[in-house]
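Welcome! Let us walk through this structure together, one part at a time.

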Amino acid sequence: MHRLWLISALPFAGFLINGIFGRRFSKGVVNAIAIGSVLLSFVWALKTVLGLGEDRIFEHYFNWIVAGGLQVGCDFAVDRLTAVMLLVVTGVGSLIHIYSIGYMAHEGGYYRFFAYMNLFMFFMLTLVLAANYLLLFVGWEGVGLCSYLLIGFWFHKKSATDAGNKAFIVNRIGDFGFSLAMLMIVVSFGTLDFGRVFQAAATKPEAVLATIAMLLLVGACGKSAQFPLYVWLPDAMEGPTPVSALIHAATMVTAGVYMVARSFPIYLRAPAALEMVAYMGLFTAAFAATIGLAQNDIKKVFAYSTVSQLGYMFLGAGTGAFSAGIYHLMTHAFFKALLFLGAGSVIHALSGEQDMRNMGGLRKKIPVTFWTLMMAAISISGVPPFAGFFSKDAILVAAYQHAPWMYWVGTITAGLTAFYVFRAMFLTFFGEYRGHEHPHESPKVITIPLAVLAVLSVVGGFIRIPVWLEKIFPTAEAPENFSLVAISVAAGLIGIGIAYIMYIAKPGLADSVSSSLGGLYRLVYNKYFVDEIYDAAVVKPLVSGSRVVLWRGVDAGLIDGAVNGVGSTSQGLGGWLKLFQSGNIRSYATWVLFGSIILLLTLGLIGAVR
Amino acid sequence: MSGPPLNWYLILSAVLFALGVAGFLFRKSIITIFMSIELMLNAVNLSFVAFSYQLKQVNGHVFAFFVMVVAAAEAAVGLAIILTVFKNRETLNVDQVNSMKY
C-alpha cells in the first residue's frame with residue numbers, strides 16, 4: 001500500500017481545520033497547519049515517486065458510481081507523468097505557501113486565504129492523481145472553484161469579483177466541451193477508466209476518436225487559457241499575487257496540457273485533432289506574446305506571457321512531442337512562479353504599485369528580488385544552460401520536424417518573449433526611480449522561496465523529463481540539429497538586445513517607435529480589442545436578449561400576464577355575477593320560476609325527441 | 001267508476017298552484033307569501049291523491065302524508081322566523097327585508 005490518498009487528503013485536512021476554526025487561531029497556528037499540511041503532502045509525494053518503478057501504482061478505494069454497465073471507481077494512480085505533476089504541484093505549491101506568509105501578512109481574511117489555498121491543493125492533487133476522467137473532472141471543477149474564490153479574494157473590490165465571475169463563466173464553455181467528451185467516451189467505450197479507455201482506443205473508428213479529442217481540446221482550451229478562451233486569465237490577476245503564481249501560472253492552467261498529454265493514445269489516433277492542438281498552441285503563443293509587448297501593468301505582462309508559454313506547451317503536445325510539452329510545463333512552473341512571486345515582491349516593496357511606468361531603478365533598492373527575477377527572465381528567454389532553454393528547445397525542434405514554418409513562428413515568438421520580459425525588467429529595475437513610495441526589500445520569508453525557485457529556474461533543465469517519460473511517450477530520436485538550436489537562442493538574445501537598446505541605451509526610442517507605429521500600437525495596446533469584440537458579440541446580445549425577451553417578454557408578459565389575467569378575469573366575472581345576489585326575495589323567486597320553466601321545457605323537448 | 005274525471009282534479013290542482021305562485025311573487029306581506037307556499041303544497045297534494053285514486057295505488061297517498069309532515073315542520077320553523085323578523089324589523093313587508101345581499 002502506497003496510501004496515495006494521503007497526498008491529496010493532507011491539504012484537505014488543512015483546509016477543514018483552517019476553514020472551520022481558523023478565525024480563532026493566531027497567524028502562527030494558521031501558518032503551521034496550512035504549510036505543514038502541504039509540506040507533508042510534498043514529502044509523501046516525494047516518497048511515492050522515489051518508490052516508483054517502471055509500472056504505475058494503482059489504488060482502488062471504492063466504487064463511486066455503478067449504473068448499468070458503467071462503473072466509476074474512486075481510483076488514484078501514479079505513473080511517471082503523474083509523478084512530474086505531483087512534484088511540481090506540491091513542491092512549487094509549498095514554496096508559494098511559504099511566500100504567502102510574508103505577502104499576506106497585512107491582509108484581512110488571513111485564515112480564509114490559506115484555507116482556500118489548501119483546498120486548491122487538494123483539488124489539484126485529486127486532478128493529477130485521478131485514474132479516470134470523472135475523478136479528474138472533479139479536481140478540474142474544484143480547482144476552477146478555488147480559482148474563482150481566490151481571484152475574488154478581495155471581494156469588496158468590484159473589479160476582483162467581476163474577474164472571478166469572468167474566469168468561472170468562460171471556463172464553463174470549456175467544461176461543456178469536456179463533459180460532452182466524457183459522455184462520448186462513456187457511449188463508445190462504456191468506461192471512463194484511463195487504462196481501459198486507452199487500451200480500447202486502437203479498436204475505435206478515427207471519427208469517434210477525433211470528435212472526443214476535439215471536445216477534450218475545448219475543455220483544455222478553457223482551463224489552460226488558449227485562444228479563443230484565454231480572456232479570463234489576464235483579468236484573473238486581480239487576485240493576490242501568490243494566487244497568480246500558484247494557480248494562474250504554475251499549476252491549474254497547466255491542467256489542460258496535462259489532460260491532453262494524459263489522453264495521448266486518443267490524440268495519436270486522431271491526427272486531425274492533434275494538428276488542431278498544434279495550430280491552436282502556436283497561434284496562442286504568438287498572439288499573446290504580441291499583446292505582452294505593450295502592457296504597462298507588470299502582472300499583465302506576465303499573464304500574457306503565461307498564455308503564450310501555455311501555447312508553447314500545446315505546440316509541443318500537438319507536434320507529437322508530449323514529453324517536451326510536459327518538460328516545458330515543469331520549467332515554466334519554476335520560472336513563471338518566480339516571475340510572479342518576484343513581481344509580487346516588487347509590488348510589496350512599492351506598497352501596491354503595479355504600473356511599470358511608476359517603477360524604475362529598483363535594482364539597488366531590492367537587490368535580492370532583482371537577482372532572482374533576473375534568473376527567471378534569462379530562463380524564460382531561452383538562454384542556455386538555463387531551464388527554459390532546454391524545454392523550449394525541445395519543443396521547437398519537434399515543431400521543426402513536424403513543419404518547418406511552425407519552428408520559425410515559434411522562434412520569432414521566442415524573440416518577442418525575450419523582448420517583453422526584459423522590457424519589464426529594464427522598466428522595473430533600471431534607469432531612474434519614477435515613483436513616490438519608499439521601496440524596501442521584502443522579508444526573508446519572501447526572499448527564500450524566491451531564491452529556491454531561482455536555483456530551480458537555473459538548473460531545472462537538467463532534470464531530463466523526456467528521458468524520464470521515455471516509456472510513456474515513445475518519441476522518435478531527434479537528430480541533434482545545432483543550427484536550429486543556435487537560431488532560437490539567437491532569437492532570444494536579439495530580443496534582449498532590442499529591449500536593452502530601446503529602454504536603456506536610448507530611452508526615448510521606445511516612445512518614438514510606438515508613436516511611429518500608430519494604429520498598430522494602439523491595436524496591440526488594447527489587446528486586439530478581443531474583450532470588446534466578445535462584449536459586443538456575446539455579452540451584450542445575451543444581456544439585452546435576457547432583458548427584452550426573457551424578462552420583459554416571457555417573465556413580465558407571459559407568466560405575470562397569465563397570473564394577473566386569471567385574477568382580473570375572475571374579479572370581473574364575480575362583479576357581474578354578484579348582481580344576482582340582490583337580497584330581494586321576489587327576484588330569487590322569479591329566477592326559480594324561470595329555472596323550473598326552462599327545466600320543464602328541456603325535459604319536454606327531450607321527451608318529444610325520444 | 002263514478003265521480004268527476006281525473007282531468008278536472010288536475011286542472012283544479014294547476015289553478016291552485018298557479019294562484020300560489022302568483023301570490024308568492026306579487027304579495028308583499030310575508031304571512032301571505034307563507035300561505036301561498038302552503039297553497040302550492042296542497043295543490044300538489046291534490047294531484048298526488050287524484051293520481052293515486054285513478055291508478056289504484058297507495059304511493060300517492062303516502063306521498064301526500066309526507067308533504068303534510070314537511071308542511072307542518074315548515075310552518076313551525078317559518079312562523080318562528082316570521083315572528084323574529086317582525087320583532088327585529090317591526091315590519092312584515094318583504095321588500096324591506098333585503099339586507100342579505102352583496
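Helices here are DSSP runs of H or I with at least four residues, strands are runs of E with at least two, and both are numbered from the N terminus. Because 20 of the 26 residues of H18(A) are buried, this helix is largely enclosed by the rest of the structure. Buried means under 20% relative accessible area, exposed means over 50%, and partly exposed lies in between (1.4 Å probe, protein chains only). After H18(A) comes A:Gly431, with a positive phi near 75°.

Before going further, please keep in mind that this is a predicted model, in which local features need pLDDT of at least 70 and side-chain atom pairs count only at pLDDT 80 or more, while totals for chains, interfaces and linings use all residues. Residues are numbered from 1 along each chain as its sequence is written, chains are lettered from A and ligands numbered from 1 in the order in which they are written, and side-chain values use heavy atoms, leaving out hydrogens and water.

Next, look inside at the nonpolar cores, which are sets of buried Ala, Val, Leu, Ile, Met, Phe, Trp, Tyr and Cys residues joined through side-chain atoms within 4.5 Å. The largest has 183 residues, and A:Tyr133 and A:Tyr267 touch the most other members. Beyond its neighbours within four places in sequence, A:Tyr267 is in contact (heavy atoms within 4.5 Å) with residues including A:Leu216, A:Val260, A:Leu274 and A:Phe322. Another core, of 16 residues, lies apart from it, with A:Leu282 and A:Ala414 among them.

What about the cysteines? A search of the whole structure finds 0 disulfides over all chains, a disulfide being a pair of cysteine sulfur atoms within 2.5 Å. The sulfur of A:Cys146 is 18 Å from the closest cysteine sulfur, in A:Cys74, so the two are too far apart for a bond. A:Cys146 is buried, at 1% relative accessible area, and A:Cys221 also counts as buried, at 5%.

Finally, turn to chain B, with its 3 helices and 0 strands. Its C-alpha atoms fill a box of roughly 55 × 25 × 25 Å along the principal axes. Of its 102 residues, 26% count as buried.
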